[in-house]
Amino acid sequence: MTKVCTAVLLALALLVVPARAGERPAAIANAPAPPPVPDELLVRFKAEATAAPASVAQRLGDRLQRALGARYAVMKLESGQTLADALAAYRAMPEVEAVQPNYRYRFLAVPNDPLYPQLWALNNDGQPVEGGTLAAAIPGSDLDMERGWDEITDCTSVIVAVLDSGVNYLHQDIAGNLWDGSAAGFPLHGYDFLDDDNDPMPADAFGHGTHVAATIGAVGNNGIGVAGVCWRAQIMALRIGDRRGATTARIVQAMQFAIEHGARIINLSLGGSEHDPAFEEEVERARRRGVLVVTAAGNEGADNDDGATPFYPCDFPQDNVVCTAALDQSYNRASFSNFGAVSVDVGAPGTNILSAWPGRVRADDLRGWVRTGGWTETVCNFNLGRLPALVNPASWCATPPGTYAAGANDVAYKAFDLAGVRHARAAFFRFLATEPDVDFLGYALSPVGGNPFAVGSLIALHSGSTGTRPIEESIDLHGCFTSTCTFGFRLQSNGAVADRGVAIVGLRIDTVEPNANAYAVLQGTSMAAPHVAGVAALVWAYNPRYTSADVRAALIEGGEPVGALAGITASGRAVNAFGALQYIAPPAGVAAAVR
Amino acid sequence: MTCRVAALVVICTGLWTLAACGYGEADTAEQTAAEPTQGRFVEVSWNPNRESGVNRAGGGYRVYHGTTPGFGLAGAKFVDVPYAGGETTPTRVVLALSPGTHYIKVVAYSALNPAGSVPSAEVAVTVPAAPEAFAQVEHD
């Protein structure tokens, strides 16, 4: 209500002074001014005017929309005039004392980040998300962030550990909001438990952790990219895995690190189906240390409580765990989201979530490659549809398929500009069938351009058959961060048996870039959890005396009842920032004694 | 704050017809509701809430009391205990209650949430029907 009231008060304040067209109230002078309503005017009538406002409007071909007190009226322009012409026309009317546009006001706690209008999770006005799936939306199905931000935007007093695939801490929209671990010997804001060093950059260019981190705490109101739930934050970046996932050992190590270095909230956008005693023990230790663990319900569309498909850490019984289901833009359960009337606590937005990405994702169209021998650029039918493919032999897609040439030494390569990147990966799918251990598919790189098999270095060799399903490859392009990097494939065969050959599909180059300003749309309960972790940080910063149990109670009890969550989550509620900030625990320890 | 409680008790004895004495003002209905002159003071205390909003200007507690177990808050008598400066809002109040059993519950509120929390668990207190008269104890 606060913002609505503010807007009404501003509008009323404006009305007491006859305003000239073009005049703007000083209170929001520094905000970029949205244009006034194009087909409405506010008219102030003279005290002695006798004509009814409706008749004045009618004389000018317009319509009285509503009266605003005794002497003001809102006119709906229906005469087709421009706003400027209409202003002049009304000013010329004998009954009119003053006339002005119907200005628009921005609510003050709305960040100026250019992609903010697409963050439906924070403020849902029914908007589509560029690059997202086509989705129906019910406005208001959101975290109610703008009302929450009227109270607090700064979470820096609460360290939030993101145990994930690493964070590009040089991303323009994250760089200012990271944990300062310098004093503890971790100047790069965290630790990499995968490579066992103190650099938690996502070396495989997998952006999951960067996306999660920015949902919690992308710098808000900085005119760049997105806004996090927290505009200011201390994100501790702990890399525990890559695109293949994480392990118990790394999760446990990272939780220990987080607890020892002062994190109050641990975000775990991950899960698995095996009960894991070591993991549970660490969650229990976090509980004893007053650390809240926010986690994801899982993406299988399954019931975590049916005994057949458990999901951990969501199903751990510790009461410091907040397990989160994903909601869509209409606040229905996202079709992929797991649920559980006991284990899943709350819901939060998890579809079409736009957030930061560690660098550019360059999808290659598999055209324009330098090719020798049987390498061919074509389009093939796959179960996912017709897709561009780089194949050898040319008849790879034909029915029946052909075989590659005997004695082949065929290369295909292409140049990519990787100057200035921090990490880069070539990701693609490969179908392969060669004479095992005799005929080979090779990958090579050259930082100086040209045929990488002639002037560069060989990275890998594959032989044998992938069957009918492809292998997903992710090739580290380290050593090739130049403007002339060439990456390529070679098919080598001996003179004897030949096989079906190779097809490369869906190739893209993922980078991690210093100063990145890249963003991506993802779906998942992984995206729902950080919304909750962010609200938890906001609530904790707002109530510094809170315990982790208090924060959890505020998230749950301050949540918004959502029909789609009733009966399939413990609370039946979606986390709501304003509700959680507004929440007050019932007083405890009440005693009464006659004196 | 303890000192202040003591001081208020003294003031309250002089305002015997008030239903209750607290740090803050009771609502108008409360102040005009006269209790029987036979009665005693009941000290109500509770743990401080940890919400910042309860412990700053605009925040506080309402101590509701009634004579029916499980009484509803709507229309019930209460004493307001608002924030009065310092680290936390007071968490004690002394009520002047008539003889009989009284049920008490506490609601915390803030400027952001004036309606306040879910009420605390209800506690019962029985004020003796015949307060002992002061009497001099004779000594040998």
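A salt bridge is counted here wherever a side-chain nitrogen of Lys or Arg lies within 4 Å of a carboxyl oxygen of Asp or Glu, and by that rule the structure holds 31 salt bridges over all chains. The model is a predicted one, in which local features need pLDDT of at least 70 and side-chain atom pairs count only at pLDDT 80 or more, while totals for chains, interfaces and linings use all residues. Residues are numbered from 1 along each chain as its sequence is written, chains are lettered from A and ligands numbered from 1 in the order in which they are written, and side-chain values use heavy atoms, with hydrogens and water left out.

Chain A is divided, by an automatic or database domain assignment, into domain 1 (15-25 + 111-358 + 520-582), domain 2 (36-103) and domain 3 (364-512). Taken over C-alpha atoms, the centres of domain 1 and domain 3 of chain A are 38 Å apart. Where these two domains of chain A meet, 10 residues of domain 1 are in contact with 8 residues of domain 3, contact meaning heavy atoms within 4.5 Å. The size of an interface is often given as the accessible area lost when the parts come together. Between domain 1 and domain 3 of chain A about 790 Å² is buried, 56% of it on carbon and sulfur atoms; buried area is the accessible area, found with a 1.4 Å probe, that two parts lose on being put together, summed over both. On the side of domain 1 of chain A, Ala203(A), Ala205(A) and Arg243(A) supply 50% of the area buried against domain 3 of chain A, more than any other three residues.

The count of salt bridges between domain 1 and domain 3 of chain A is 1. Arg243(A) also takes part in a salt bridge with Asp510(A), at 3.8 Å from N to O. The side of domain 1 of chain A that touches domain 3 of chain A divides into 7 nonpolar, 1 polar and 2 charged residues, where Ala, Val, Leu, Ile, Met, Phe, Trp, Tyr, Cys and Pro count as nonpolar, Asp, Glu, Lys and Arg as charged, and the others, Gly among them, as polar.

Helices (H or I, at least four residues) and strands (E, at least two) are DSSP runs numbered from the N terminus, and two strands pair if DSSP finds at least two bridges between them. In chain A, 5 strands form an open sheet with antiparallel pairing, in the order S16-S19-S24-S21-S22. Strand S16 (370-371) and strand S22 (457-462) of chain A stand at the edges, each with a single partner strand, so one side of each is left without a neighbour in the sheet. Strand S19 (residues 409-416) and strand S24 (residues 485-492) of chain A run antiparallel and are joined by 8 bridges, and Asn409(A) has Gln492(A) in S24(A) as its bridge partner.

The loop between strand S18 (385-392) and S19 of chain A holds Pro393(A), and Pro400(A) also has its place in the loop between S18 and S19 of chain A. Most residues other than glycine have a negative phi, and most peptide bonds are trans. The peptide bond from Asn392(A) to Pro393(A), however, is cis, with omega near 10 degrees, and the bond from Thr399(A) to Pro400(A) is cis with omega near -10 degrees. Asp196(A), which is not a glycine, has a positive phi of about 55 degrees, and lies in the loop between strand S6 (190-192) and helix H5 (208-217) of chain A.

The other meeting place is that of the two chains. In that interface, 39 residues of chain B are in contact with 24 residues of chain A, and about 2500 Å² is buried between chain B and chain A, 56% of it on carbon and sulfur atoms. In chain B, Arg50(B), Glu51(B) and Leu112(B) lose the most area to chain A, together 30% of what that side buries. The count between chain B and chain A is 3 salt bridges, and Glu87(B) forms a salt bridge with Arg545(A), the closest N and O atoms being 3.7 Å apart. The largest share of the side of chain B that touches chain A, 6 residues, comes from S2(B). S2(B) also pairs in the antiparallel sense with strand S29 (residues 591-594) of chain A, over 4 bridges, with Val594(A) standing opposite Val42(B).
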